[in-house]
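Here are some notes for a first look at this structure. Please read them with the model open.

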Amino acid sequence: MSDLLTKLKAGRAAQRRVTLPSKDGQGVELGLRVLTEADYMEAGLAAIETLRAAGHEDVNVANADLYEQAKVTELLARALVDPATGKPLVESAAELRGALARADKMFLIDQYLDHEREYSPSEVNMSAEDFAQLLEDVKKNPATPRLSDSSTATLKRLVQSLAEPEAS
């Protein structure tokens, strides 16, 4: 199994502990887990339902900001876990909306994105050294199993690099 796939699978279980900043220095410690593609889909659909429940028939330019805010809260509701048990921190995004200040939400978003970058093997997060190694593996064995673990963006980058070596 490639190092990147191992890292991806470990990322699902990997937890980052973060402490919400507070004036008294006694911020609440929370856990963050890496979300799956299914989590992202569910969060997007739940955000649409949140807008509908608030009287918006559909997502459009006029309520796009509301949709994005609802979606981020849905994502955080899925990513936040009890750091001691790893179990979900809240049962719903509505529960989280009632508990989080806007500054806390922004802090958690930044922390989550850092955590996701650390455990995601996508081309966007792949170091130049990792990409160079993948490119060498493909040159040596075009049927390398590592290609099955690669994102569309990585495969596209590989094709471009092989077609125009000086561009890589």
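1. Start with strand β1, residues 15–19. Its covered face holds Arg16 and Val18, while Gln15, Arg17 and Thr19 make up the uncovered one. The model is predicted.

2. Strand β1 has a partner. It runs antiparallel to strand β2, residues 29–33, and five bridges join the two. Gln15 stands opposite Arg33 of β2.

3. Check the confidence before going further. The protein chain has a mean pLDDT of 84, with 79% of its residues at 70 or more. Helix α1, residues 3–13, is the lowest in confidence, at a mean of 59. Strand β3, residues 80–81, is the highest, at 97.

4. Next, the largest nonpolar core. It has 19 residues, and those with the most contacts inside it include Leu30, Leu32, Leu76 and Tyr112. At least two residues each come from β2, α3 (64–79), α4 (93–97) and α5. Helix α3 gives the most, with four residues.

5. Leu76 deserves a look. Beyond its neighbours within four places in sequence, Leu76 is in contact with Leu96, Leu100, Lys105, Leu108 and Ile109.

6. Which side chain of opposite charge is nearest to Lys105? It is Glu68, 9.3 Å away. A salt bridge needs a side-chain nitrogen within 4 Å of a carboxyl oxygen. Lys105 is buried yet has no salt bridge. This residue is found in helix α5, residues 102–119.

Methods:
Residues are numbered from 1 along each chain as its sequence is written. This is a predicted model: local features need pLDDT of at least 70, side-chain atom pairs count only at pLDDT 80 or more; totals for chains, interfaces and linings use all residues. Side-chain values use heavy atoms; hydrogens and water are left out. Buried means under 20% relative accessible area, exposed over 50%, partly exposed in between (1.4 Å probe, protein chains only). Two strands pair if DSSP finds at least two bridges between them. pLDDT is the predictor's confidence in each residue, from 0 to 100. Lys and Arg count as positive and Asp and Glu as negative; His and the chain ends are not counted. A nonpolar core is a set of buried Ala, Val, Leu, Ile, Met, Phe, Trp, Tyr and Cys residues joined through side-chain atoms within 4.5 Å. Contact means heavy atoms within 4.5 Å.
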